[in-house]
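Take a first look at the protein shown here.

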Amino acid sequence: MHQFEKLMIWQKAMDVAVEVYQITAELPLDEKFNLIHQIKKCAVSIPSNIAEGSGRNSNNEFIHFLGIANGSAYELITQLMILKRLEMIEVEKINSIINRLIEITNMNYVLQRTLKKY
């Protein structure tokens, strides 16, 4: 079992989730049950799956949940790109989050490879 709070990947994912919640507050309310809901769900899924996997009984189970977290990260990147195309949020804000999500996915792959060795 790992202490997920100490994992840099979890900390960065938490920061992204908080920022995503902040930017979705800027979106039109008619998106509340569509894009906003989906974006928030993905943002929360990333650190949640990292935490859940860290509490599992084996590295293989942890790797499985890291894979889910990566899937959520790529889904979130896609949704943020949709916001960019729709010009609903400042491009700089979206690009900043996307860049951090790419960093998180890269960290995720490294962590998975490390866990596979043990």
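Helices (H or I, at least four residues) and strands (E, at least two) are DSSP runs, numbered from the N terminus. By that count, the protein has four helices and zero strands. Along the sequence the pattern reads α-α-α-α. The radius of gyration, taken over C-alpha atoms, is compared with a globule rule of 2.2 Å times the number of residues to the power 0.38. The protein comes out at 15 Å, close to the 13 Å that the rule gives for 118 residues, so it is as compact as a globular protein of that length.

This is a predicted model: local features need pLDDT of at least 70, side-chain atom pairs count only at pLDDT 80 or more, and totals for chains, interfaces and linings use all residues. Residues are numbered from 1 along each chain as its sequence is written, and side-chain values use heavy atoms, with hydrogens and water left out.

**Overall values**

| Property | Value |
|---|---|
| Box of the C-alpha atoms along the principal axes | roughly 45 × 25 × 20 Å |
| Buried share of the 118 residues (buried: under 20% relative accessible area, 1.4 Å probe, protein chains only) | 41% |

Contact means heavy atoms within 4.5 Å. Among contacts with a separation of 6 or more, 72% join residues 24 or more positions apart.

**The core**

A nonpolar core is a set of buried Ala, Val, Leu, Ile, Met, Phe, Trp, Tyr and Cys residues joined through side-chain atoms within 4.5 Å. The largest one here has 34 residues. Ile46, Ile50, Leu76, Leu80, Leu83 and Leu101 have the most contacts inside it. Helices H1 (8-24), H2 (32-54), H3 (59-86) and H4 (91-117) each give two or more residues to this core. H3 supplies the largest share, nine residues.

What does Ile50 touch, not counting residues up to four places away in sequence? Its partners are Leu7, Ile9, Trp10, Ala13, Phe62, Leu66 and Ala69.

H2 has 23 residues. Its first and last C-alpha atoms lie 32 Å apart, close to the 33 Å expected at 1.5 Å a residue. That expected span is 1.5 Å times one less than the number of residues. H2 bends by about 30 degrees at Ser45, and Pro47 follows within four residues. The bend is the angle between axes fitted to the seven residues ending at a residue and the seven starting there.

Met81 lies in helix H3. Its relative accessibility is 40%, so Met81 counts as partly exposed, the class between buried and exposed (over 50%).
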